[in-house]
Amino acid sequence: MTDQSKIRNFSIIAHIDHGKSTLSDRLIELCGAVEQREMESQLLDNMDLERERGITIKARAVKLSYKALDGETYELNLIDTPGHVDFNYEVSRSLAACEGAVLVVDAAQGIEAQTLANTYLAMEHDLEIRPVVNKIDLPAADPARVKQEIEDVIGLEAQDAPEISAKMGINIQAVLEDVVHHVPAPDGDPKAPLKALIFDSQYDAYRGVIVFFRVMEGTVKTGMPIRMMASGAQYEVIECGHLLPLGMEPCKELIAGEVGYLTASIKNVKDTRVGDTITGVERPAGEALPGYRPAQAMVYCGIYTEDGSKFPDLRDALEKLQLNDASLSFEPESSAALGFGFRCGFLGMLHMEIIQERLEREFDLDLITTLPSVIYQITKTDGTVVMVDNPHNYPDVGAIATAEEPYAKVSIIAPPDYVGNIMPLCQDRRGEFKDMQYLDTNLVEIHYSMPLGEIIYDFFDTLKARTKGYASLDYELSEYRPSELVKVDLLLNGDQVDALSFIAHREKAYPRARRLCEKLKDNIPRQLFEVPIQAAIGGKVIARETIKAMRKDVLAKCYGGDITRKKKLLEKQKEGKKKMRSLGSVQIPTEAFMAVLKLDEEN
Ligand SMILES: Nc1nc2c(ncn2[C@@H]2O[C@H](COP(=O)(O)OP(=O)(O)OP(=O)(O)O)[C@@H](O)[C@H]2O)c(=O)[nH]1
């Protein structure tokens, strides 16, 4: 049986680009797990998209076998964490599976925003944090200064922190020695009823869902009947084992403290939610592990294919993605402007972009997406309550008794110097200040209550820009509150374009409507006739732009007196006009349409 005292479970945390992935690779390499030539450049980020965007989307784990200088062999489980606010919950579950964290700090840059934010997260989970100073090969490296900074700013003992170059492979072993000797071994009774924490899962076409977990108490065995405590789903373990860098290694059992995977003919990741507790059916645990939270879609948008006949392909693609992503939701909808498509729900804007990109890239679809929206709660005058995630379904003003929008509890952590930049931003986003407290002399935590609709529009990016990247953000849906909501319709040539309607707070509706009109004007090519662009609330126009008619003399090319040709051309032009009008809308080139929708996300 595995010796618990020889197990070390840890994550690597760092500010972006400080060398987290490079160090992971080096650790894997040093443990002899993978020959260099076999190794993909970055094993832990194993999706193309992740590699290209330089972010880690889903948590992963890998087991390394390390023969330490003390002659003992240790089982090291390196658990990777995603790095964006949309996936904060997954990060928290991954950290909950660890006892320690290696904090990588760039020897030239020193402490940066996410260094602090991630350290704080690790502290919340009571992890043993081990600083490592990376990139000592750089000419600008100043490890002594950076160590002092770690001590002064974070308050972590850092004088003995390993000084390394992950890129050049210098002093990597010191990191492993440090982990082995300072990160505590896991505890937990292997004989207790099973409690295993799910921190990730993945769909595999042949084996069904592969669940990644950390055993907190008890033992997982092949053949054992198990139950997911939150979802209630029951299965029998077909295979369990360890996650090695190049694949899975089955074994008979995994004891408390170990990290591994199991398969059980599970058809859908929905049954194996991140954060859920796996227990045994025969001897179930009394209560689940703390911290489970079902994934909740925060942002919705309509997704359509450019080519309407590709609708079935879009459905197939979404179904496939959903097998692997329990937080993606979708249902069919239709639009007069765009045809048949799906209303999709996401954890946040990044999640939305990732899904859109995967649909386009992995499934070769050309998409049109509508403006993102949150879910509004409308009580009608007849007493019925409707949840509206699509402006198209927004009831008539006359039928609405109260309109409510979702609010979120927002927590921002930043150095005190930036408070002066953060507060006006939150106020501008209709935030309601709650409180502010000093975590230590260098960090404050500010709480706001803010409409979710204001957060999803680039709040995170603006916050980062205003704090030189130093602020970190976390938010959680709290409640619905009455709000002065309006539905704004966009009219082209007098006809409503349903895909461009949006719901907003009255105050924000005007500027947004104006911007949208301007963008439409800039993006729609001139037509043969003048096209008014209007934004209206109810019947009242609140913004207007005009696309001037193309001044093309259609007769210019007709030399001489060929009257039939002239007639034909004039006829064609008229037809053109008619076609546009009789279609009930202006023909907008798809690219222009997308440009308008895309640009608006930035506002
Ligand atoms: N000079 C030097 N460059 C390094 C070292 N370690 C990493 N780098 C470089 O720094 C850049 C970022 O490294 P990554 O390992 O991708 O950083 P990361 O923290 O994983 O970044 P994200 O995955 O985007 O969060 C890459 O270009 C690496 O080659 C080092 O020790 N010395």
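Reader: If two strands pair when DSSP finds at least two bridges between them, how many bridges join strand β1 to strand β3?
Author: Five bridges join β1, which covers residues 7-14, to β3, which covers residues 73-79, and the two strands run parallel. Strands here are DSSP runs of E with at least two residues, and helices are runs of H or I with at least four, both numbered from the N terminus. This is a predicted model, in which local features need pLDDT of at least 70 and side-chain atom pairs count only at pLDDT 80 or more, while totals for chains, interfaces and linings use all residues. Residues are numbered from 1 along each chain as its sequence is written.

Reader: Ok, and what is the bridge partner of I7 in β3?
Author: The partner of I7 in that strand is E75.

Reader: In what order do the strands of that sheet come?
Author: The sheet is open and has five strands, in the order β2-β3-β1-β4-β5, with mixed pairing. At its edges stand β2 (61-67) and β5 (128-134), each of which pairs on one side only.

Reader: Changing topic, what surrounds the ligand, and which residues are closest?
Author: There are 17 residues around the ligand, and the closest are G19, K20, S21, T22 and K167; a residue counts if its C-beta atom, placed from the backbone, lies within 6 Å of the ligand. Helix α1 (residues 20-30) gives the largest share of this shell, namely three residues.

Reader: How many of the shell residues are nonpolar, polar or charged?
Author: The shell has four nonpolar, eight polar and five charged residues. In this scheme Ala, Val, Leu, Ile, Met, Phe, Trp, Tyr, Cys and Pro are nonpolar, Asp, Glu, Lys and Arg are charged, and the others, Gly among them, are polar.

Reader: What joins β11 to β12?
Author: A hairpin links them through two residues. Strand β11 (residues 239-244) and strand β12 (residues 247-251) run antiparallel and are joined by five bridges, and G241 is found opposite P250 of β12.

Reader: And the open sheet of four strands, what is its order?
Author: Its order is β17-β18-β16-β19, and the pairing is antiparallel. Because β17 (329-335) and β19 (367-369) are edge strands with a single partner strand each, one side of each is left without a neighbour in the sheet.

Reader: Over how many bridges do β17 and β18 pair?
Author: They pair over seven bridges in the antiparallel sense, with β18 spanning residues 339-346. As one example to look for in the structure, E333 stands opposite G341 in β18.

Terms used: Two strands pair if DSSP finds at least two bridges between them.
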